[in-house]
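Okay, thanks everyone, let me get the model up on the screen.

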Amino acid sequence: MSPGESDETPDSMVRVVARRLPGPSLMVAAALIAKGYAEVGDGFAAGVIVALAIALVYVALGGEAAEAALPLLRHAPKLAVGGLLLALASGFFPLALGEPPVSHRPAPGEHVVKIGVLELFTPLLFDIGVFLLVVGVLTILLHHLARPRGEARR
């Protein structure tokens, strides 16, 4: 082997990056969602970022190896349904209080529960629901695209 060459092929480098990328992508997604409490929420963009990292894992490792490396992928349908229910609940919860749908709770001027500087109110729940829905649906799509053609439907 010559001094400038590496024994790692580009394929193995992509596999290493694919295995390490989901963690940082979750951190970026959390930052986007946390930013949303002060500005326009970004649950959709956060979900797409995590789904792209998962897509890289599927492309680099293949369907079976991706699901072996990230066992949480088998819970994607539960994530999608849970996210949908959370987004709908946060959007329609104000109807139970006689307010228009997707109203902010607590209302302006009321006490807001905080964790550090993060304010907990309905738009944050909506963003988390959208995030879970996007990650779940795109992961299900990736699972079906990665399935071999000859494999029977479950």
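So, to start: how many helices and strands does the chain have? There are six helices and two strands, where helices are DSSP runs of H or I with at least four residues and strands are E runs of at least two, numbered from the N terminus. Along the sequence the pattern reads α-α-α-α-α-β-β-α.

Quick housekeeping. This is a predicted model, so I've kept local features to pLDDT of at least 70 and side-chain atom pairs to pLDDT 80 or more, while totals for chains, interfaces and linings use all residues. Residues are numbered from 1 along each chain as its sequence is written, and side-chain values use heavy atoms, with hydrogens and water left out.

Now, α2 (residues 22–35) and α3 (residues 43–61). Their axes come within 8 Å and cross at roughly 175°; axes here are lines fitted to C-alpha atoms, for helices over the stretch in contact, with angles from 0 to 180 degrees between N-to-C directions. That makes α2 and α3 roughly antiparallel, the label for angles over 145 degrees. In contact, meaning heavy atoms within 4.5 Å, are residues including Leu26 and Ala29 of α2 and Ala46 and Val50 of α3. By class, this contact has 12 nonpolar, two polar and no charged residues. Nonpolar covers Ala, Val, Leu, Ile, Met, Phe, Trp, Tyr, Cys and Pro; charged is Asp, Glu, Lys and Arg; the others, Gly among them, are polar.

What about α3 and α6? Again the axes come within 8 Å, but here they cross at roughly 25°, so α3 and α6 are roughly parallel, which is the label for angles under 35 degrees. Among the residues that meet are Val50, Ile54 and Tyr58 in α3 and Phe131 and Val135 in α6. This contact divides into 15 nonpolar, four polar and one charged.

Which residues have the most contacts inside the largest nonpolar core? They are Ala46, Val50, Ile54, Tyr58 and Phe131, in a core of 18 residues. A core is a set of buried Ala, Val, Leu, Ile, Met, Phe, Trp, Tyr and Cys residues joined through side-chain atoms within 4.5 Å, and buried is under 20% relative accessible area with a 1.4 Å probe, protein chains only. The elements giving two or more residues are α2, α3 and α6 (122–146), and the largest share, eight residues, comes from α3.

Last one: Val50. Leaving aside neighbours within four places in sequence, Val50 touches Ser25, Leu26, Ala29, Phe131 and Val135.

How values were computed: Parallel < 35°, antiparallel > 145°, perpendicular 65-115°, else oblique. Buried < 20%, exposed > 50% of the residue type's maximum accessible area, 1.4 Å probe, protein only.
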